[in-house]
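Subject: Structure handover

Hello,

Here is the structure we talked about, with my notes below it. Please read the notes with the model open.

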Amino acid sequence: MSDNEMYGGGRTAAEDKIAARKAEKQAVDSYSVDMARERELENQVLKIDKKKFKVKEPAWMLFGVHRVIALLMFFMVFLPSMNPAKLTALIGNNLSLFTSAISYGSLTENVGRGFRMGWVEEGTFSILFTGSILALVGILVISAGACLSLGNNKCKRLSFIVSIAGVVLLTAGLIVIYIAYQQFRDSKKQDKVQAVFAKGIIIYAIMGVAIFVLTILEFFMVPRAEKGAKFEMETKFKLFLMFIPFAMLAFIFCYLPLWGWRYAFFDYKAGGELSSKTFVGFKWFKYLFENEATKRDIVRVLKNTLAMSGLGILTSWVPLAFAVFLTEIKSRPFKRIVQTFTTIPNFISWILVYTVALAIFSTDGFFNMIFGTSGNHLMGDSNTWLKMLIWGIWKGVGWSAIIYIAGIAGIDKQLYEAARVDGAGRWHRIWHVTLPGLMPTYMVMLLLSVAGMLSNGLDQYLVFSNASNMEHMEVLDLYVYHLGFGGGSIPLSTVIGMAKSLVSVFLLFLANGVSKIVRHESIV
């Protein structure tokens with residue numbers, strides 16, 4: 001019997017395979033053609049869209065200079081040395097234009113006696129405050145105009161109006177500040193007032209003129225927007241502008257304070273000034289390593305810091321385990337109650353936590369009443385590290401577990417279904433699905449903990465410390481606080497703070513390097 005007869009006179013099996021391969025190849029070719037057409041259409045759309053944002057090269061260069069100047073002006077409002085409102089010795093040296101414009105109390109903080117003695121009129125400071133507000137608002141409007149210039153021609157045309165309005169407000173503010181300067185200069189008690197013409201006035205005036213000139217030139221170089229055009233901006237610029245507020249917060253609270261590192265190079269006392277007379281170079285850096293008493297203190301507080309941080313790292317799995325067990329609770333009301341009551345302590349200040357601890361473990365506390373013991377269990381120096389660890393876990397375990405709960409919610413549910421089909425019980429699913437899914441998150445948190453080994457915080461140890469347990473309670477942050485505010489040694493405490501920050505950065509990169517070698521993954 002032939003093959004054709006075997007298959008009822010139809011095609012052979014080999015012919016069916018060949019036909020199937022041809023059909024598969026045709027489908028792949030058709031898909032490739034469709035994808036190529038789709039990419040071509042996308043490229044055409046992108047070309048059309050880019051035309052809306054394209055400007056001539058000279059105009060592009062002008063916009064670049066415009067944005068750089070606006071950015072510098074924005075950052076300068078936080079620098080005390082560039083404050084145009086610093087017109088008299090009665091105003092603090094650490095006051096920036098931003099603070100001068102938003103806080104009248106900070107502007108007049110050191111002028112109470114001057115008002116009472118009649119050295120200066122309060123109306124003069126009201127004028128200065130008004131000028132500071134106008135100048136700050138003008139700079140913010142100029143910055144908004146620079147952001148608008150990232151859009152299409154219609155956005156750019158609007159940015160011209162906004163920028164000119166910002167320059168007008170800035171000019172008005174500087175004029176009002178200059179009026180206040182004249183009143184300070186004409187004061188009868190000039191030896192008390194000590195009027196000073198702030199260099200910030202000149203710098204901001206020059207920048208304002210530059211922004212005005214650039215805006216006029218840009219106005220004539222950018223064509224008018226098409227009739228009926230909408231305000232549009234490329235996606236990458238939209239995302240950049242969305243990122244700016246967070247970058248500003250990071251700059252203000254994380255990078256701007258680094259300006260205080262300059263105190264490490266001066267022989268500074270509270271209320272004094274930084275000048276060439278008080279500049280001592282690396283004197284305090286040498287003192288840190290040459291003074292025997294300071295070296296002993298550093299060794300002691302480092303031992304406490306590393307011990308408490310090490311205990312924290314060893315117990316860093318506790319929030320992960322708590323999150324796993326919390327998600328395994330089947331009763332939703334009970335789960336919510338547990339999560340709520342374990343998260344609330346994170347929002348309680350350490351002062352209130354210490355109050356609770358005092359009510360429980362003091363001489364007349366609940367612990368002694370129930371177990372019939374005596375003595376104040378908070379005052380002693382026994383097991384200090386362990387006590388702080390337990391209080392820290394109690395306060396933060398619920399809050400720390402939230403990120404792991406979110407990680408569990410992101411694990412593919414099909415993995416759990418597959419594990420059930422294979423006969424895996426609850427513990428096997430936790431061990432083989434949940435924990436491997438949480439490992440990347442846990443490793444990131446562990447690396448950050450290693451990087452922050454020298455930063456235990458201050459509040460917890462400050463409120464729980466006393467004369468009895470200070471030997472084992474004082475960590476590096478608390479030592480810097482006592483040294484700077486208690487002992488008045490601001491330069492030395494600044495040096496220690498600098499060293500701590502640099503070592504923390506080194507530990508971060510070291511832990512990240514170990515992670516690359518061991519896990520072939522990196523977070524930096």
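Start with the charged surface. In this predicted model, R113, R116, K189 and K192 gather in a patch of positive charge on the surface. K189 sits in the loop between α8 (153–185) and α9 (190–193). The relative accessible area of K189 is 42%, so K189 is partly exposed.

There is also a nonpolar patch on the surface. V209, F212, V213, I216, L217, F219 and F220 form this patch. Together they have about 660 Å² of accessible area. V209 belongs to helix α10, residues 199–221. V209 counts as exposed, because its relative accessibility is 52% and the exposed class begins over 50%.

Next, the salt bridges. A search of the whole structure gives 8 of them.

1. K283 and D267. Their side chains meet in a salt bridge at 3.8 Å, N to O. K283 lies in helix α12 (residues 283–290), while D267 is in the loop between α11 (235–255) and α12, so the pair ties together parts that are 16 residues apart in sequence. Both partners are partly exposed: K283 has 38% relative accessibility, and D267 has 32%.

2. R426 and E328. Here the side chains meet in a salt bridge at 3.4 Å, N to O. This pair links distant parts of the chain, 98 residues apart. R426 is in helix α20 (residues 426–451). E328 is in the loop between α14 (317–327) and α15 (332–343). The two ends fall in separate accessibility classes. R426 is partly exposed, at 38% relative accessible area. E328 has a relative accessible area of 18%. That is under 20%, so E328 is buried.

3. K500 and D477. The closest N and O atoms of this salt bridge are 2.7 Å apart. Again the pair links distant parts of the chain, this time 23 residues apart. K500 is in helix α24 (residues 490–519), and D477 is in helix α23 (residues 476–486). Both ends are buried: K500 has 16% relative accessibility, and D477 has a relative accessible area of 16%.

What about disulfides? How many does a search of the whole structure find? The count is 0. C147 counts as partly exposed, at 25% relative accessibility. C254 has a relative accessible area of 51%, so C254 is exposed.

Now a residue away from the surface. F160 is in helix α8. Is F160 buried or exposed? F160 is buried, with a relative accessible area of 4%. For a distance check, take F160 and A146. They are 14 residues apart along the chain, and their C-alpha atoms are separated by 8.9 Å.

Last, the backbone. Two residues deserve a check of phi.

- Q194 has a phi near 55°, a positive value in a residue other than glycine. Q194 is found in the loop between α9 and α10. At 42% relative accessibility, Q194 counts as partly exposed.
- N383 has a positive phi of about 55°, although N383 is not a glycine. N383 lies in the loop between α17 (366–371) and α18 (384–409). With 54% relative accessibility, N383 counts as exposed.

To recap by topic. On the surface, there is a patch of positive charge that includes K189, and a nonpolar patch that includes V209. Among the salt bridges, K283 pairs with D267, R426 with E328 and K500 with D477. The disulfide search finds 0. Positive phi values occur at Q194 and at N383.

Best wishes

Key:
Residues numbered from 1 in each chain as written. Predicted model: local features only at pLDDT ≥ 70, side-chain atom pairs only at ≥ 80, totals over all residues. Heavy atoms only, no water. Patch = residues over 30% accessible without salt bridge, like charges linked within 9 Å, V, L, I, M, F, W, Y side chains within 5 Å. Areas by Shrake-Rupley, 256 points an atom, 1.4 Å probe, with all protein chains shown as cover. Salt bridge = Lys/Arg side-chain N within 4 Å of Asp/Glu carboxyl O. Lys, Arg positive; Asp, Glu negative; His and termini not counted. Charge placed at Lys NZ, Arg CZ, Asp CG, Glu CD. Helix = DSSP H or I, 4+ residues; strand = E, 2+ residues; numbered from the N terminus. Buried < 20%, exposed > 50% of the residue type's maximum accessible area, 1.4 Å probe, protein only. Disulfide = S-S within 2.5 Å.
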